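Try each task yourself before you read its solution.

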Amino acid sequence: MADLFNVLKVTVGPKKLTARVLVNPGMPLFTSQDVEATARVYYLAPAIADHMCLGDAGSRFQDCMGNTELAHLLEHLTVEIMNETGLAGAISSGRTRNVMGDERLFDVEISCPDDALAIGALSSATFMMNWAFLHANQTPPDFPGTVAALTALIKNLRGADDAVEPEQEDDDTAGAVIDTEGATAVAREDAGAVVYGGAAAEDNL
Ligand SMILES: [Zn+2]
């Protein structure tokens, strides 16, 4: 059975990672097409509901979570995994845009200066959503365990000095600011291609 997503290409910039994601043919495009699976993702990472998300439906992700693109849900789950490692910096953000001409193709942008962290989080989020939407009869992903493993991996990559730095250990991830669509609010010139608002807008037509 095909996976939910196919990550076709990952582009790494100095401050953000862009993943071109195909929602495979036959798979749901919108969370509203499978609310039970969407709820499974929510229960894995309830904090995504409180993410700032400046779409048409409201200011928080919970306002649109029940009817938005799966790629947008993937973005928020990725950002939350990064955030819970406490290694993503003070602000974690993302943006999801449809690639014009293909309703199944999206560019998911993750703002993070650490490309290994962003890729690891994206990979984990993809795995978790695959479970939620396609393999819910199998053992659920271990969200805290995944975050812990990713945290250990990144600390290891950054070197032993960083791993024992008290400031890192004391970092309270709950206090970090999550502003997933902050970049979009500024970049209005491509608002027509912005997914988070576009979904709600289309449904109102
Ligand atoms: Zn969002």
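This is a predicted model: local features need pLDDT of at least 70, side-chain atom pairs count only at pLDDT 80 or more; totals for chains, interfaces and linings use all residues.

**Exercise 1. Describe the protein chain as a whole: how many helices and strands does the protein chain have, and what share of its residues count as buried?**

Solution. 
- Begin with the secondary structure: the protein chain has 8 helices and 7 strands.
- Next, look at burial: 40% of the 205 residues count as buried.
- Finally, turn to the contacts with a separation of 6 or more: 71% of them join residues 24 or more positions apart.

**Exercise 2. Find the largest nonpolar core: how many residues does it have, and which have the most contacts inside it?**

Solution. 
- As background, nonpolar side chains in soluble globular proteins tend to be buried together.
- Here the largest nonpolar core has 44 residues, and Val41, Leu74, Leu77 and Met129 have the most contacts inside it.
- Now ask which elements supply this core: β2 (16–23), α1 (35–44), α2, β6 (105–111), α3 and α4 (143–158) each give two or more residues.
- The most comes from α3, which gives 10 residues.
- Zoom in on Methionine 129: leaving out residues up to four places away in sequence, it touches Leu4, Val41, Leu73, Leu74 and Leu77.

**Exercise 3. Work out how α2 and α3 pack: what is the angle, and how far apart are the axes?**

Solution. 
- Two numbers describe a pair of packed helices: the angle between the axes and the distance between them.
- For helix α2 (residues 70–85) and helix α3 (residues 115–134), the angle is about 125° and the axes are 8 Å apart.
- Angles from 65 to 115 degrees count as roughly perpendicular and those over 145 as roughly antiparallel, so α2 is oblique to α3.
- The crossing of α2 past α3 is right-handed.
- Residues making the contact include Leu73, Leu74 and Leu77 of α2 and Ala121, Ala125 and Met129 of α3.
- Sorted by class, the residues of this contact are 12 nonpolar, 4 polar and no charged.

**Exercise 4. Repeat the analysis for α1 and α3: at what angle do they pack, and which residues make the contact?**

Solution. 
- The angle between α1 and α3 is about 140°, with the axes 8 Å apart.
- This makes α1 oblique to α3.
- α1 also passes α3 in a right-handed crossing.
- On the α1 side, the contact is made by Ala37, Arg40, Val41 and Leu44, and on the α3 side by Met128, Met129, Ala132 and Phe133.
- By class, this contact has 7 nonpolar, no polar and 1 charged residues.

Note on methods
Residues are numbered from 1 along each chain as its sequence is written. Helices (H or I, at least four residues) and strands (E, at least two) are DSSP runs, numbered from the N terminus. A residue is buried if 20 or more other C-beta atoms lie within 10 Å of its own, exposed if 12 or fewer, and partly exposed in between; C-beta atoms are placed from the backbone. Two residues are in contact if their C-beta atoms, placed from the backbone, lie within 7 Å. Axes are lines fitted to C-alpha atoms, for helices over the stretch in contact, and angles run from 0 to 180 degrees between N-to-C directions. Angles under 35 degrees count as roughly parallel, over 145 as roughly antiparallel, 65 to 115 as roughly perpendicular and the rest as oblique. A crossing is left-handed if the near helix is turned anticlockwise from the far one by less than a right angle, and right-handed if clockwise. Ala, Val, Leu, Ile, Met, Phe, Trp, Tyr, Cys and Pro count as nonpolar, Asp, Glu, Lys and Arg as charged, and the others, Gly among them, as polar. A nonpolar core is a set of buried Ala, Val, Leu, Ile, Met, Phe, Trp, Tyr and Cys residues joined through C-beta atoms within 7 Å.
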